[in-house]
Amino acid sequence: METKDLYKVLGVSKGASQDEIRRSYRKLAREHHPDANRDDKDAEERFKEIQHAYEILSNPEKRRQYDEGPRTFFGGGNAGRGSPGDARAGDFSDLSDLFGGFGGLGDIFGRSTQTRETSPKGQDVTVSVNLSFKDALNGVTTRVNVPVEEACGDCRGTGAAPGTAPRTCPECGGRGVRSRDQGFFAFSEPCARCGGEGAIIEKPCPKCSGSGRLRKARQVTVRIPAGAKDGMKIRVPGRGSAGKKGGATGDLFVVTRVAEHPVFKRQGDNFLVEVPVSFVEAALGAEIEVPRPGGGTVRLRLPAGTQDGKQFRVRGVGAPKTRARSGERGDLIVRARLVVPRKLKRREREILEALAEERDEDVRGELFKKVGS
Ligand SMILES: [Zn+2]
Ligand SMILES: [Zn+2]
C-alpha cells in the first residue's frame, strides 16, 4: 500500500512543519480537485493520494509511525475508505457522496460548513516508558515527558499578534467556503483568500508564527499498575495536545516497554521458568526449591519419573492480573530441564554401570518398531 513517499506526494521535505504540510496540501487539493479536472482520470487518483498522504502526515502520531517505517504502519483510519473504486470515475453528479468517500470536506478544507460548529479535539499523544522487570511486576508511579501542542499564550491561540485580532474573511464572510453553481447543482469549495479558515490574520503572532500553537514537552505523572505487560497501552484522558479554539484536549497513551528478565519469561499473566533437574532427582522424585518472581522461593514436588520438558504449575505466584481488582495473580509455570553430569567420579561410574546391567534396557525398541522393516 505505502509504496509512494508521502512527503513527495505533498511536495514537502521530511522535516516539514505541520503548517507547511497543511499549506502544501490545501494548494494541491485545490489543483487536483476532481471538479476542476473533470475529464482527467489521473487527477482523481492523484487527489486521493494527496488526501491519503495528508491524513497520515497531518497527524503527529501517524506521521511518527510512518517515519519509523512500514513495519509498524498499517495505514490511516480512512485509508480503506478512500481506496480506489470508492468513487465512481467519470460520475461526479453526486459530489457529497464522492467527498464522503474521501473522509469528509472538513478534513480537506480545514473547516467545512458542517464541522464549523464544533472545535476540533486536540491530538492524542503516544509515548513509551521503559520499565524494569521489578517495577512492571510491582507497579510504579513514574513521570513521562510528553511532547504536546498547546495554545500559544501570547496570542491566546488566535495566531494574531498581541493587541490585534484575526479579521473575518471578507471573501467568504467567515464561512471558509464559497458556494458555486454548476449546472443543476451547487457545491462548495474552499475560500482561496483565507485558505478555508474563515479568518485572516494580518499581523501574525511572532511567538507562534501565526499558528496559534506551540510545541512543548510536558511532564505527566503516570501510575503503572502492578503486573504491567510489555506493550501495554495506558490511557491518560485529557493529557494530550490542547484542542483548537476551545476544543477538547486529546488523550495521552503510555505504552510500556518492560525489560526482559534473564530467567522469568512472561506468558500472559503467567511466568515461565526453566529449572535444572538432575537425572537422579527426575528418576527418584524430589522436593525442590524454585525461584519466585519478585523474590524468594517456592517449593515444588517432582514426582518420580519426571521427564525432560515436563511442566508444573504453581498457582497464584505469577503476575498480578491488571484487570482484576482482587489482587489475583497468574501462575508460575516450572519447566524441568534434565541435567546429565558431564563428568563422573570412579565410584559414580561403577554405580551407573551396575545400574545399566540391572536394567538391561532397550530404550530405542519402540522407535525401531515404528520405523518398520
Ligand atoms: Zn501566538
Ligand atoms: Zn475566506
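The report below treats the basis of the model, the chain as a whole and the metal site.

## Basis of the model

This is a predicted model, in which local features need pLDDT of at least 70 and side-chain atom pairs count only at pLDDT 80 or more, while totals for chains, interfaces and linings use all residues. Residues are numbered from 1 along each chain as its sequence is written, chains are lettered from A and ligands numbered from 1 in the order in which they are written, and side-chain values use heavy atoms, with hydrogens and water left out.

## The protein chain

The protein chain contains 10 helices and 15 strands, taken as DSSP runs (H or I of at least four residues for helices, E of at least two for strands) numbered from the N terminus. Of its 373 residues, 38% are buried, where buried means under 20% relative accessible area with a 1.4 Å probe, protein chains only.

## The zinc site

The zinc ion (ligand 2) is held at 2.2 to 2.3 Å by the SG atoms of Cys-169, Cys-172, Cys-191 and Cys-194, donors being N, O and S atoms within 2.8 Å of the metal (3.2 Å for Na, K and Ca). The angles between these four donor atoms run from 101 to 114°, which makes the arrangement tetrahedral, a label that requires all angles to lie between 85 and 135 degrees.

The donor residues follow the spacing C-x2-C-x18-C-x2-C in sequence. Cys-169 sits in the loop between strand 3 (167-168) and strand 4 (177-182), and Cys-194 in the loop between strand 5 (185-190) and strand 6 (199-200), so the pair ties together parts 25 residues apart in sequence. Both Cys-169 and Cys-194 are buried.

Definitions and conventions:
Four donors count as tetrahedral if all angles lie between 85 and 135 degrees; four count as square planar and six as octahedral if opposite donors are over 155 degrees apart and all others between 65 and 115; anything else is irregular. Buried means under 20% relative accessible area, exposed over 50%, partly exposed in between (1.4 Å probe, protein chains only).
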